[in-house]
Amino acid sequence: MREVLNLVHDLNGKQIGVRSLADPLPINTADEGVGRIAFLLLALFAEMERTFTAERAAHARAVAEAAGRRTGRPVAHPAGNIEYARLLEQQGSSLGEIAAKTDVPKTSVHRYLAEPGPDETLNGAS
């Protein structure tokens, strides 16, 4: 909201108005009065909707987690494939061989192998 108000203020200082062509109301910030007020109200409503959307999403995530459902993006590659990739790496396999055997793209294999595995994070915490 503040960014919109600052932008309109800066543009107004340069004699530039903002006009909405899509709304049935005559919204033009170059005009004094109703046009400027209508623009500010639309900006306020947009900010409110953004806030309410974020609250609804947070509530939906909390409900899903309380019900034991996983939230977020789906798992791209099963943990078993990643562990198999780690084992193949320990045995000296190349990234290409690991990618072919695990059906995980080479770039993803490289990223997964750079991350610490579950055993490594547990050992590092001791």
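Q: Where is S93 found in this predicted model?
A: The model is predicted.

Q: Is S93 buried or exposed?
A: The relative accessibility of S93 is 17%. Buried means under 20%. S93 therefore counts as buried.

Q: Which residues does S93 touch, not counting residues up to four places away in sequence?
A: With residues up to four places away in sequence set aside, two partners are named. They are L88 and I98.

Q: Leaving aside neighbours within four places in sequence, what is L88 in contact with?
A: L88 belongs to the largest nonpolar core. S93 touches L88. Leaving aside neighbours within four places in sequence, the contacts of L88 are S93, I98, K101 and T102.

Q: Which residues make up the largest nonpolar core?
A: In soluble globular proteins, nonpolar side chains tend to be buried together. Here the largest such core has 9 residues in all. Helix 3, helix 4 and helix 5 are the elements that give two or more residues to this core. Its members are I82, A85, L88, I98, A99, V104, V109, Y112 and L113.

Q: Which residues of helix 4 are buried, and why do they line one face?
A: Helix 4 spans residues 95-102. Its buried residues are I98, A99 and T102. Seen down the helix axis, they fall within an arc of 100°, so they line one face of helix 4.

Q: Which exposed residues are carried on the face of helix 4 turned away from its buried side?
A: The buried side of helix 4 holds I98, A99 and T102. What covers these buried residues includes helix 3 (79-90) and helix 5 (106-114). The face turned away from the buried side carries the exposed residues A100 and K101.

Q: How are helix 4 and helix 5 oriented to each other?
A: Two packed helices are described by the angle between their axes and the distance between the axes. For helix 4 and helix 5, the axes are 9 Å apart and the angle is about 105°. Angles of 65 to 115 degrees count as roughly perpendicular. Helix 4 and helix 5 are therefore roughly perpendicular.

Q: How many nonpolar, polar and charged residues does the contact of helix 4 with helix 5 have?
A: Helix 4 brings L95, G96, I98, A99 and T102 to the contact. Helix 5 brings K106, V109, H110 and L113. By class, the residues are 5 nonpolar, 3 polar and 1 charged.

Q: How are helix 1 and helix 2 oriented to each other?
A: Helix 1 (residues 2-13) and helix 2 have axes 10 Å apart, at an angle of about 155°. V4, L5, V8 and N12 in helix 1 meet R36, F39, L40 and A43 in helix 2. Angles over 145 degrees count as roughly antiparallel. Helix 1 and helix 2 are therefore roughly antiparallel.

Q: What separates the C-alpha atoms of A46 and M1?
A: A46 is found in helix 2. At 47% relative accessibility, A46 counts as partly exposed. M1 is 45 residues away along the chain. The C-alpha atoms of A46 and M1 are separated by 8.3 Å.

Conventions. Residues are numbered from 1 along each chain as its sequence is written. This is a predicted model: local features need pLDDT of at least 70, side-chain atom pairs count only at pLDDT 80 or more; totals for chains, interfaces and linings use all residues. Side-chain values use heavy atoms; hydrogens and water are left out. Buried means under 20% relative accessible area, exposed over 50%, partly exposed in between (1.4 Å probe, protein chains only). Helices (H or I, at least four residues) and strands (E, at least two) are DSSP runs, numbered from the N terminus. The arc is that of the directions from the helix axis to the C-beta atoms. Contact means heavy atoms within 4.5 Å. A nonpolar core is a set of buried Ala, Val, Leu, Ile, Met, Phe, Trp, Tyr and Cys residues joined through side-chain atoms within 4.5 Å. Axes are lines fitted to C-alpha atoms, for helices over the stretch in contact, and angles run from 0 to 180 degrees between N-to-C directions. Angles under 35 degrees count as roughly parallel, over 145 as roughly antiparallel, 65 to 115 as roughly perpendicular and the rest as oblique. Ala, Val, Leu, Ile, Met, Phe, Trp, Tyr, Cys and Pro count as nonpolar, Asp, Glu, Lys and Arg as charged, and the others, Gly among them, as polar.
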